[in-house]
Amino acid sequence: MTDTDLKIAELEKRLDTLVGTQIGFQTEITRIRSELAGLRRVAKAPEPVNRAYQPPEFKERPAPPPPQWPIPPSSSESGSRSVPPPSFGVRPDEPGYQSSTGSSFERWVSSYTESARADLEKFIGENLISKIGIIVLVLGVGIGAKYAIDNNLISPLTRIIIAYIFGFGLVGLAIKLKPKYLNFSSVLISGGMAIVYFVTYFAYASYELIPQSAAFALMAMFTLFTVAAALLYDRQVIAHIGLVGAYAVPFLLSDNSGNYLILFAYMAIINAGILAISVKKYWKALFYTSSGFTWLIFFGWFISKYSPAEHFYLALIFLAIFFAIFYATKIIHGVLHEESGESENLISIFVTAFIFYGFCFAISDVRADIREYTAFFTYLAAMSLAILLTSYRFYGRALVYLSYPFTWLIFGSWLLTKYRVEEHFYLAAIFAPVFFAVYYAATIIYRLMTDEVRLVENSGLLVTNSFIFYGVGYGIIDSRES
């Protein structure tokens, strides 16, 4: 053997000796930790009655001899050799061995980077590209139809039939591909339903090929199918397409007849369907979309078409219905779906109640007959009481701080601007105590039923409510004497 081979053998022997020593150190550390744990358990144990404490005896354990690792053959006998040293005192054949090729943090970073890259590729390949493709497809159908119309290549009836065949063909293809390509199938069915919605509108509005009632029935059927497909596919985007199409139906098919009862009844049915879907699925975006569409349509009607003489009771009834549907939807989300955040639900309910009281304030700001005022204040008191009771049951006292000031603001504004003593004295004298009793009773109930309402807060609500009531009462009596 050459000097180099002897040197290599010596270094390898020293390395194996150090590894054995390290294992011995690790074994000794483990033994010391075990003895310390035993001492701590004994120190924490209660002392026995009438018996002196005797510390446990520990026998000295001889340290295990370092393992005799076989000296590997030299490189001259077995060729080149690579011995990866074990880390953390663990042998290569034992669990927990870590390779020296890199730390666990580096491996975690590498794994996370690869996972993020895979997720991005999956999003682009399966989600983004397919949605862009279906949008391009729908636009292509529209451009092709426009070209055929502009150049009078085919008759209107043929255009509509071809468009229907194409739309339903996409739906059929989506159903066929669903078992193997769920994501792509959901995009296809969304595009197909969008096409048949617009084709139905063009058949009614542009060519008058179908009557209004038939177009309405077809779009309602498409909406039901789209909602059912959304539940079947478990894809919120499909439900959004059906929702947008459903809200667009009355405007696309409107003949300016002014039949707002049918419009709001139709919207209430759609929103009830949203409520039904929320029982099975927690789709936040669907709730916000339907809520936004509903309040936007109602607001547009209120500022442009509302007439107190004609629509006073219609506005009150459907305002209560829309509010109750969205209010109940958020309560159901909180009860049935644990993933819904309590703070988010409370904010949604707070905003919905704010919209409700805002419309109540606008409805009250008109000159009306005493019967309308009586109906309105009864409505306001009943709705406020229902809000306070349900809010206490599910969300505590939060809505008190919205309902309480709004109710007195609406009543006080009416006293300052619409009140006439010769007509409204008894009306004001009745409903001022009613509003006082509602909030006084709610405050007392909150204090008795829960410890969350502190004494200072409870006293503040009672004092301010009483102060407003006596101030309003004094004004009503003073108006009578003057």
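# A chat about side-chain contacts

Colleague: Hi! Let's begin with Asp 369: what does it count as at 36% relative accessibility?
Modeller: Asp 369 counts as partly exposed, at 36% relative accessibility. Keep in mind that we're looking at a predicted model.

Colleague: Okay, and which residue does Asp 369 form a salt bridge with?
Modeller: Arg 371 is its partner, and the closest N and O atoms of the two are 3.1 Å apart.

Colleague: Is Arg 371 buried or exposed?
Modeller: Arg 371 is exposed, with a relative accessible area of 60%.

Colleague: Why can side chains like that pair at all?
Modeller: Opposite charges on side chains can pair when the charged atoms come close.

Colleague: How many salt bridges does the structure hold?
Modeller: It holds six salt bridges. One of them joins the side chains of Glu 28 and Arg 31, at 2.3 Å from N to O.

Colleague: Where are Glu 28 and Arg 31?
Modeller: They are in helix α1, which covers residues 3-44. Glu 28 and Arg 31 are three residues apart there, so about one helical turn separates them.

Colleague: And what about the accessibility of Glu 28?
Modeller: Glu 28 is partly exposed, with a relative accessible area of 25%. Arg 31, on the other hand, counts as buried at 13% relative accessibility.

Colleague: Now for Glu 344: which residue does its side chain meet in a salt bridge?
Modeller: That's Lys 284, at 3.6 Å from N to O. Glu 344 lies in helix α11 and Lys 284 in helix α9, so the pair ties together parts that are 60 residues apart in sequence.

Colleague: What do the accessibility values say about Glu 344?
Modeller: Glu 344 counts as partly exposed, at 22% relative accessibility. Lys 284 is partly exposed too, with a relative accessible area of 34%.

Colleague: Let's switch to rings. How many aromatic pairs are there in the whole structure?
Modeller: The search finds 45 aromatic pairs. Among them is an edge-to-face pair of Phe 298 and Phe 359, with 4.9 Å from centre to centre and 85° between the planes.

Colleague: Where do Phe 298 and Phe 359 lie?
Modeller: Phe 298 lies in helix α9 (residues 284-304) and Phe 359 in helix α11 (residues 342-364), so this pair ties together parts that are 61 residues apart in sequence.

Colleague: And are they buried or exposed?
Modeller: Both Phe 298 and Phe 359 are buried. Another aromatic pair is Phe 356 with Tyr 379, which is tilted: 6.2 Å centre to centre, with 40° between the planes. Phe 356 is in helix α11 and Tyr 379 in helix α12 (residues 370-395), 23 residues apart, so to say a link between distant parts of the chain. Phe 356 and Tyr 379 are buried as well.

Colleague: What sits over the ring of Phe 287?
Modeller: The charged end of Lys 330 does, 4.8 Å from the ring's centre.

Colleague: Last one: which residues make the nonpolar surface patch of about 370 Å²?
Modeller: Leu 157, Ile 161, Ile 165 and Leu 209 make it. To find your way there, look for Leu 157 in helix α4, residues 156-177.

Methods: Residues numbered from 1 in each chain as written. Predicted model: local features only at pLDDT ≥ 70, side-chain atom pairs only at ≥ 80, totals over all residues. Heavy atoms only, no water. Phe/Tyr/Trp six-rings, centres within 6.5 Å; stacked < 30°, edge-to-face > 60°. Helix = DSSP H or I, 4+ residues; strand = E, 2+ residues; numbered from the N terminus. Buried < 20%, exposed > 50% of the residue type's maximum accessible area, 1.4 Å probe, protein only. Lys NZ or Arg CZ within 6 Å of the ring centre and 35° of its normal. Patch = residues over 30% accessible without salt bridge, like charges linked within 9 Å, V, L, I, M, F, W, Y side chains within 5 Å. Areas by Shrake-Rupley, 256 points an atom, 1.4 Å probe, with all protein chains shown as cover. Salt bridge = Lys/Arg side-chain N within 4 Å of Asp/Glu carboxyl O.
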